[in-house]
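Biologist: I'd like to learn how to read interfaces in a model like this. Can you walk me through it?

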Amino acid sequence: MAAVNSIKPRKQSPVAQKAIEHYIGLSQSLNAKTQNQMLSAKRLDAQKKLQALGLPMRRDEDWQYTSLNHWMQTAFEQNLPGWGKVNPDQLKAILPIFGTHRFVWIDGVFSQDLSCDSASLPSGLTVESAEITNADLVDSNHAFELLHDMLAENRTKIRVQKNVAIEKPVELVYIQTQPKSLATLSLDVQVEENAQLTLIQQVVSFADEPVCINGVLQMELAAQAICKQYVVQDLNTNDFYFNNQHVHQQASSVFDTLYVGLGAEVSRHQNTVNLCGEYADASQNTIAFGKGEQTIDSRTDTQHLAPHCNSQQLHKFVLDEQSRGVFNGMIYVAKGAQKTDGQMDNKNLLLSNNAKMDTKPQLEIYADDVKCSHGCASGQIDENQVFYCQARGIHQHDAVQLITKAFLLEPLDNVSNEAIRDWLMQRVSKLLA
Amino acid sequence: MLLNVENLKAEVAEDGKQILKGLNLQVNPGEVHAIMGPNGAGKSTFSSVLAGREDYEVTEGTVDFDGEDLLEMDAEERARKGLFLAFQYPVEIPGVSNKLFMQTALNAIREEKGLPALDMFDFDEYVQEKMELMGMRKDMLERSVNVGFSGGEKKRNDIFQMALLEPKLCIMDETDSGLDIDALKVVANGVNSLRDPNRSFIVVTHYQRLLDYIKPDFVHVLYDGKIVKSGGFELVHELEDQGYDSIIQSHEAQLAG
């Protein structure tokens, strides 16, 4: 990464400058509390970098379709005193009924009461939270990763030991309860050789004013390791969600991730998957449903760095009312990564004339013996399908719902665990009703 | 009378081109009517207008279905009241299983009849019986509606839906097009097994082959948006021997005279 001093400062709008100063202020107060000099120094670096680079603007290609204007106008706060109310019924409605190893955070703070006892975890699995160290920081030029480096206080580490397969999913639930609360999430996942993990992550808000989630996940999958991950973002439609996931895969490891983006005013979920060992396999899928003024942004960067790796992607968006969807996917195949098989598909259904999808699938290939493809298609509902249903007595409204649901839920075909699949189906179906 | 079509005129909604130009047809319960005619005569338009497709606009005439004004109803209501259209090209619906589709359709029609909805178990039992009748393979239920089906399988699937929904009037819109002789027999057997004193059929076709197996009670020739000749089953063979030309010519002569 470029040294801070060599970055030419960019001119920021007054609103952006105010937001930057606000978060630098928060970061400074964290630094005042810590004894860790190396951490303070890194945070300071991040502050300076953000000050110089500024926040993303619409004229930045990667942010052309995802506006941060509303986000900048709210000064989100960390470490608000106390917790808001967690209504048990509200909580019950979002939690799956099948058994999980559950860990819950409220406004970014770990809740012992709502979480399982970490002493009761099966042998070979550890889930622990500790104060963040400088080694946990990302050190990139990405604005929200810089904010993470500036503001993260704790990181959660999940580790599955060699040759251990954890049967029950590990479930991480992040609940925001207080208006304007910001949770900076830092997650470190290590699945050792030939070990297996299923991870379910949910973010929700019970607050009636905007909240913000900013997360970074770093995952290491050793040889033959398998991780299946389901991320459900079901915030309220005035909230903000940013998540950056970095995955490193060794030989013959399998990463299978599904992002279910349902809520938030602006949400952006980014995977960066590095296929570093031969025969590694990555599946990345999206189910996104937008309405109102929502913007749902899902992006992937798949780096084929070793031969014989496979990657598959299916990203499906249904957009209603004035909502916007953004997909950006890059498959990069390095020179030596022969016999790569990379497939990427983005399909979108627009339910309204005012909904909009911006999609940009990209391939960059430097090896000469590969099989790669990308495709995208956006369209409106097929009237012939609706008429076919009507001709069988199904109400037009039900027909549209049936067809939409089938379209949107296609990525669930890949979910091998029936209980998880049913639960995700319910979560998504509720919104379509 | 189950269906009474009087002086039906209809045009393509998009460009106002008139297709049906005063069509008359009466169908009593239990009767099987065939409507034949050359390409462009308006056969498919007639099926579509009866089923309620919005691509066509009725400009004149009346259609009475079982004592009610059919033209007042939207497509789903017509289906609920017992009208069934077997499609020339059954539509694929990816991701919706045949089973869910049919259960939803059956329950919609049961609702109309004031019957309770069938749950998954009751539906399974009901469907089992009908599958045996139609010689359906079980895996077709689990597959998405018509997706990856061969032409014959799609048609068979449509007839199977007909058997499930037990309509009063079945309209077969060129169901035989593109079918080989084996698939054609399956369709014909399906229709024959569903013949019932309380169920009528309108079989729209370009060719006589299907009719040899179904043996309709009445045969009508549609030409230029009107029925120009009606008769019994023997008319099929007259057409087979002489083609449409002689009928059309005598019709044109009548008009000129």
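Biologist: What distance separates the centres of domain 1 of chain A and domain 2 of chain A?

Modeller: Taken over C-alpha atoms, the two centres are 27 Å apart. Some ground rules: this is a predicted model, where local features need pLDDT of at least 70, side-chain atom pairs count only at pLDDT 80 or more, and totals for chains, interfaces and linings use all residues. Residues are numbered from 1 along each chain as its sequence is written, chains are lettered from A and ligands numbered from 1 in the order in which they are written, and side-chain values use heavy atoms, with hydrogens and water left out.

Biologist: And where does each domain of chain A run?

Modeller: Domain bounds come from an automatic or database domain assignment. Here that gives domain 1 (4-381) and domain 2 (382-433) in chain A.

Biologist: How many residues of domain 1 of chain A are in contact with domain 2 of chain A, and what area is buried between them?

Modeller: The size of an interface is often given as the accessible area lost when the parts come together. Buried area uses a 1.4 Å probe and is summed over both parts, while contact means heavy atoms within 4.5 Å. In chain A, 34 residues of domain 1 touch 24 of domain 2. They bury about 2,400 Å², with 72% from carbon and sulfur atoms. On the domain 1 side, Ile287(A), Lys316(A) and Ile381(A) supply 28% of the buried area, more than any other three residues.

Biologist: Which residue does Lys316(A) meet in a salt bridge?

Modeller: A salt bridge needs a side-chain nitrogen of Lys or Arg within 4 Å of a carboxyl oxygen of Asp or Glu. Lys316(A) pairs with Glu410(A) at 2.4 Å, N to O. The count between the two domains of chain A is two salt bridges.

Biologist: Now the chains: how many residues of chain B are in contact with chain A?

Modeller: 30 residues of chain B contact 15 of chain A, burying about 1,900 Å² between them, 66% of it on carbon and sulfur atoms. Glu76(B), Val91(B) and Phe101(B) give 28% of what chain B buries there, more than any other three residues.

Key:
Buried area = accessible area lost by both parts, 1.4 Å probe.
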